[in-house]
Structure formats: structure tokens, C-alpha cells
Amino acid sequence: MTDPRSRLDALRADTLGRIATLRAELDDVIGSASSTTGDDEHDPEGATIGFERAQAQALLDAAQTQLVAIEAALDRVDAGTYGVCVVCGRPIGEERLQARPAADRCIACAS
Ligand SMILES: [Zn+2]
């Protein structure tokens, strides 16, 4: 197996960067929303901002969920259980770990 720690560290750095970007975007959207009348109900502009905010929030939530998964995977590297399925205890498989380094289940258990 190629070094999972460096792979996870790189992914963690990427994800932290994405979270920072999304937070800034969300602040922008919220900032521009509060500079308008704030009447979401009757202002089409307000509805668009509401939609953009929901989208940015969903992306941010997904990135934060991924960060938690990456940190859990790093803990498993420390514990020596990385790459082992948490459900059935079999190896997860190098190909799957390449595609999803934070995976904690083999393909059979994840589906
Ligand atoms: Zn499994």
C-alpha cells in the first residue's frame, strides 16, 4: 500500500481549503442578503440569495463531514487499523482506498 498518511494529509489540506473558501462564500452571500431589503418572500433577488446560501451551506456541510471522515481515517492509521473494514474486518482494497482514502468500509459493506 502506498503511504496512506501522506495521501490523507493532502486530502485533509484540500478539504480545509475548501471549507475556508465555502465559509467566505457563505459570508459573502449572507452579507449581500443583509444589504438588500431582506424581504425574501416578495423579492426575487432575495429568493435567489436564499437558494445560493442553502447550496453553499450544503457544500460546506459535506466538506465538514468529509473532514471528520479523514480525521477518523488518520486515527485508524495511528491505531494500525487503516484499510480494514470496520464492519466485516476484511481489507478494504487498495483500489477503493485510492478512490476514497477516508473509506472505513469495504465495497460489500458500504453498499
Ligand atoms: Zn466489509
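A salt bridge of 2.3 Å, N to O, joins the side chains of arginine 5 and aspartate 78. The term salt bridge denotes a side-chain nitrogen of Lys or Arg within 4 Å of a carboxyl oxygen of Asp or Glu. This pair links distant parts of the chain, since arginine 5 belongs to helix H1 (residues 4-35) and aspartate 78 to helix H2, 73 residues apart. The model is a predicted one, in which local features need pLDDT of at least 70 and side-chain atom pairs count only at pLDDT 80 or more, while totals for chains, interfaces and linings use all residues. Residues are numbered from 1 along each chain as its sequence is written, and side-chain values use heavy atoms, with hydrogens and water left out.

**Overall architecture**

The protein has four helices and zero strands, and its elements run α-α-α-α from the N terminus on. Helices (H or I, at least four residues) and strands (E, at least two) are DSSP runs, numbered from the N terminus. Of the 111 residues in the protein, 26% are buried. Buried means under 20% relative accessible area, exposed over 50%, and partly exposed in between, with a 1.4 Å probe and protein chains only.

**Salt bridges**

The structure holds four salt bridges. Three of them are listed here.

| Pair | N to O distance |
|---|---|
| Arginine 5 and aspartate 78 | 2.3 Å |
| Glutamate 94 and arginine 7 | 3.1 Å |
| Arginine 105 and aspartate 104 | 3.5 Å |

Glutamate 94 in helix H3 and arginine 7 in helix H1 are 87 residues apart, so that this pair also links distant parts of the chain. Arginine 7 counts as buried at 17% relative accessibility, whereas glutamate 94 is partly exposed at 29%. Aspartate 78 is exposed, with a relative accessible area of 57%, and arginine 5 is partly exposed at 31%.

Arginine 76, in helix H2, is buried yet has no salt bridge; aspartate 104, the nearest side chain of opposite charge, is 4.5 Å away. Leaving aside neighbours within four places in sequence, arginine 76 is in contact (heavy atoms within 4.5 Å) with Thr81, Tyr82, Val86, Ala102, Ala103 and Asp104.

**The zinc site**

The zinc ion is coordinated at 2.3 Å by the SG atoms of Cys85, Cys88, Cys106 and Cys109. Donors are N, O and S atoms within 2.8 Å of the metal (3.2 Å for Na, K and Ca); water is not among the atoms, so sites may look incomplete. The spacing of the donor residues in sequence is C-x2-C-x17-C-x2-C. Cysteine 85, in the loop between H2 and helix H3 (94-99), and cysteine 109, in helix H4 (residues 107-110), are 24 residues apart. Cysteine 85 is buried, with a relative accessible area of 4%, whereas cysteine 109 is partly exposed at 23%.

**Nonpolar cores**

A nonpolar core is a set of buried Ala, Val, Leu, Ile, Met, Phe, Trp, Tyr and Cys residues joined through side-chain atoms within 4.5 Å. The largest core has 10 residues, including Leu8, Ile70, Tyr82, Cys85, Ile92 and Cys106. Helix H2 (residues 44-79) contributes the largest share of this core, three residues. Another core, of seven residues, lies apart from it and includes Leu22, Ala56, Ala63 and Leu67.

Methods. Lys, Arg positive; Asp, Glu negative; His and termini not counted.
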